[in-house]
Amino acid sequence: QVQLVESGGGLVQPGGSLRLSCAASGSIFSINTMGWYRQAPGKQRELVATITSGDSTYYPDSVKGRFTISRGNPKNTVYLQMNSLQPEDTAVYYCNAYIASRWYQGYDDYWGQGTQVTVSS
(Lines give C-alpha, C1' and ligand atoms only; values in the text may rest on other atoms or scores of the structure.)
Protein backbone atom coordinates (compact mmCIF):
# COMPACT_ATOMS: atom_id res chain seq x y z
CA GLN A 1 0.00 0.00 0.00
CA VAL A 2 2.97 2.30 0.56
CA GLN A 3 5.88 2.35 -1.84
CA LEU A 4 9.22 4.08 -1.77
CA VAL A 5 10.89 4.30 -5.18
CA GLU A 6 14.49 5.44 -5.49
CA SER A 7 16.28 6.73 -8.56
CA GLY A 8 19.51 8.46 -9.50
CA GLY A 9 22.20 5.88 -8.76
CA GLY A 10 24.97 5.03 -11.16
CA LEU A 11 28.68 5.05 -11.86
CA VAL A 12 30.71 8.15 -11.09
CA GLN A 13 34.40 8.95 -10.91
CA PRO A 14 36.08 9.87 -7.60
CA GLY A 15 35.40 13.50 -6.79
CA GLY A 16 32.17 13.48 -8.76
CA SER A 17 28.56 14.07 -7.72
CA LEU A 18 25.27 12.24 -7.83
CA ARG A 19 21.76 13.12 -6.72
CA LEU A 20 19.45 10.42 -5.43
CA SER A 21 15.68 10.80 -5.30
CA CYS A 22 13.05 8.85 -3.40
CA ALA A 23 9.30 9.27 -3.81
CA ALA A 24 6.74 7.86 -1.41
CA SER A 25 3.34 6.92 -2.81
CA GLY A 26 0.22 4.96 -1.89
CA SER A 27 -1.89 5.17 1.22
CA ILE A 28 -0.20 8.05 3.10
CA PHE A 29 -1.70 10.19 5.84
CA SER A 30 1.50 11.56 7.31
CA ILE A 31 5.24 11.19 6.82
CA ASN A 32 7.61 11.73 9.72
CA THR A 33 11.36 11.24 9.42
CA MET A 34 12.83 10.24 6.06
CA GLY A 35 16.37 9.11 5.49
CA TRP A 36 19.01 7.36 3.47
CA TYR A 37 21.04 4.31 4.43
CA ARG A 38 23.68 2.39 2.53
CA GLN A 39 25.10 -1.10 2.53
CA ALA A 40 28.42 -2.05 0.98
CA PRO A 41 29.27 -5.69 0.15
CA GLY A 42 30.13 -7.62 3.30
CA LYS A 43 29.19 -4.72 5.57
CA GLN A 44 26.22 -3.82 7.72
CA ARG A 45 23.69 -1.26 6.58
CA GLU A 46 24.65 2.17 7.89
CA LEU A 47 22.92 5.51 8.27
CA VAL A 48 23.81 8.19 5.73
CA ALA A 49 21.41 11.03 6.49
CA THR A 50 18.01 11.77 8.03
CA ILE A 51 15.56 14.65 7.83
CA THR A 52 12.55 15.21 10.07
CA SER A 53 9.16 16.62 9.14
CA GLY A 54 10.45 19.91 10.51
CA ASP A 55 13.51 19.74 8.23
CA SER A 56 16.05 19.03 10.95
CA THR A 57 18.90 17.01 9.49
CA TYR A 58 21.52 14.61 10.78
CA TYR A 59 24.68 13.25 9.16
CA PRO A 60 27.34 10.91 10.48
CA ASP A 61 30.92 12.20 10.31
CA SER A 62 31.68 9.97 7.31
CA VAL A 63 29.48 12.09 4.99
CA LYS A 64 29.12 15.41 6.84
CA GLY A 65 30.05 18.32 4.60
CA ARG A 66 29.80 16.22 1.43
CA PHE A 67 26.19 14.97 1.42
CA THR A 68 23.01 17.02 1.74
CA ILE A 69 19.54 15.64 2.40
CA SER A 70 16.41 17.62 1.55
CA ARG A 71 12.69 17.14 1.08
CA GLY A 72 10.58 18.21 -1.83
CA ASN A 73 7.23 19.96 -1.92
CA PRO A 74 4.95 18.15 -1.20
CA LYS A 75 7.11 16.47 1.40
CA ASN A 76 6.68 12.94 0.12
CA THR A 77 9.97 13.14 -1.77
CA VAL A 78 13.46 13.10 -0.31
CA TYR A 79 16.72 13.84 -2.07
CA LEU A 80 20.35 13.10 -1.33
CA GLN A 81 22.91 15.32 -3.01
CA MET A 82 26.27 13.58 -2.86
CA ASN A 83 29.42 15.57 -3.65
CA SER A 84 33.12 14.72 -3.52
CA LEU A 85 32.30 11.04 -3.84
CA GLN A 86 35.01 8.54 -2.95
CA PRO A 87 35.38 4.81 -3.67
CA GLU A 88 34.39 4.06 -0.06
CA ASP A 89 30.97 5.57 -0.79
CA THR A 90 30.26 2.66 -3.13
CA ALA A 91 27.18 0.85 -1.86
CA VAL A 92 23.53 0.17 -2.41
CA TYR A 93 21.65 3.20 -1.10
CA TYR A 94 18.22 2.68 0.49
CA CYS A 95 15.49 5.20 1.15
CA ASN A 96 13.66 4.95 4.47
CA ALA A 97 10.56 6.66 5.78
CA TYR A 98 8.26 6.54 8.78
CA ILE A 99 4.74 6.73 7.40
CA ALA A 100 1.26 6.66 8.92
CA SER A 101 -1.33 5.37 6.48
CA ARG A 102 -4.39 6.50 8.47
CA TRP A 103 -4.99 9.26 11.01
CA TYR A 104 -5.64 6.66 13.70
CA GLN A 105 -2.53 4.56 12.98
CA GLY A 106 1.01 4.96 14.20
CA TYR A 107 4.03 5.31 12.01
CA ASP A 108 5.44 2.25 10.26
CA ASP A 109 8.94 1.81 8.88
CA TYR A 110 9.18 1.55 5.06
CA TRP A 111 12.15 0.88 2.79
CA GLY A 112 12.83 1.34 -0.89
CA GLN A 113 14.33 -1.33 -3.11
CA GLY A 114 17.76 0.28 -3.20
CA THR A 115 19.84 1.96 -5.89
CA GLN A 116 23.47 1.15 -6.67
CA VAL A 117 26.10 3.87 -6.39
CA THR A 118 29.55 2.96 -7.68
CA VAL A 119 32.49 5.34 -7.36
CA SER A 120 35.38 4.21 -9.52
CA SER A 121 37.85 5.52 -12.06
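A charge sits over a ring if NZ of Lys or CZ of Arg is within 6 Å of the ring centre and within 35 degrees of the ring normal. The model is predicted, so local features need pLDDT of at least 70 and side-chain atom pairs count only at pLDDT 80 or more, while totals for chains, interfaces and linings use all residues. Residues are numbered from 1 along each chain as its sequence is written, and side-chain values use heavy atoms, with hydrogens and water left out.

**Arginine 45.** Select arginine 45 together with tryptophan 111: the arginine lies over the face of the tryptophan, 4.7 Å from the ring centre.

**The aromatic pairs.** There are two aromatic pairs in the structure (Phe, Tyr or Trp rings, the six-membered one for Trp, with centres within 6.5 Å; planes under 30 degrees apart are stacked, over 60 edge-to-face, the rest tilted). Keep tryptophan 111 and select tyrosine 37: this pair is edge-to-face, 5.0 Å centre to centre with 65° between the planes. Tyrosine 37 is in strand E4 (residues 30-39) and tryptophan 111 in strand E10 (residues 108-111), 74 residues apart. Strands (E, at least two residues) are DSSP runs numbered from the N terminus, as are helices (H or I, at least four). Tyrosine 37 has 22% relative accessibility and tryptophan 111 has 34%. Buried means under 20% relative accessible area, exposed over 50% and partly exposed in between (1.4 Å probe, protein chains only), so tyrosine 37 counts as partly exposed, and so does tryptophan 111.

Next, select tryptophan 103 and tyrosine 104. Their ring centres are 5.4 Å apart and their planes at 90°, so this pair is edge-to-face. Tryptophan 103 is exposed at 67%, and tyrosine 104 is exposed at 54%.

**Asparagine 96.** Move to strand E9, where asparagine 96 is placed. Is asparagine 96 buried or exposed? It counts as buried because its relative accessibility is 3%. Its side chain makes a polar contact of 2.5 Å with the side chain of aspartate 109 (N or O atoms within 3.5 Å; within protein, one able to donate a hydrogen and the other to accept it, with residues adjacent in sequence counted only if both atoms are side-chain atoms). A polar atom of the asparagine 96 side chain also lies 3.1 Å from the backbone oxygen of tyrosine 110.
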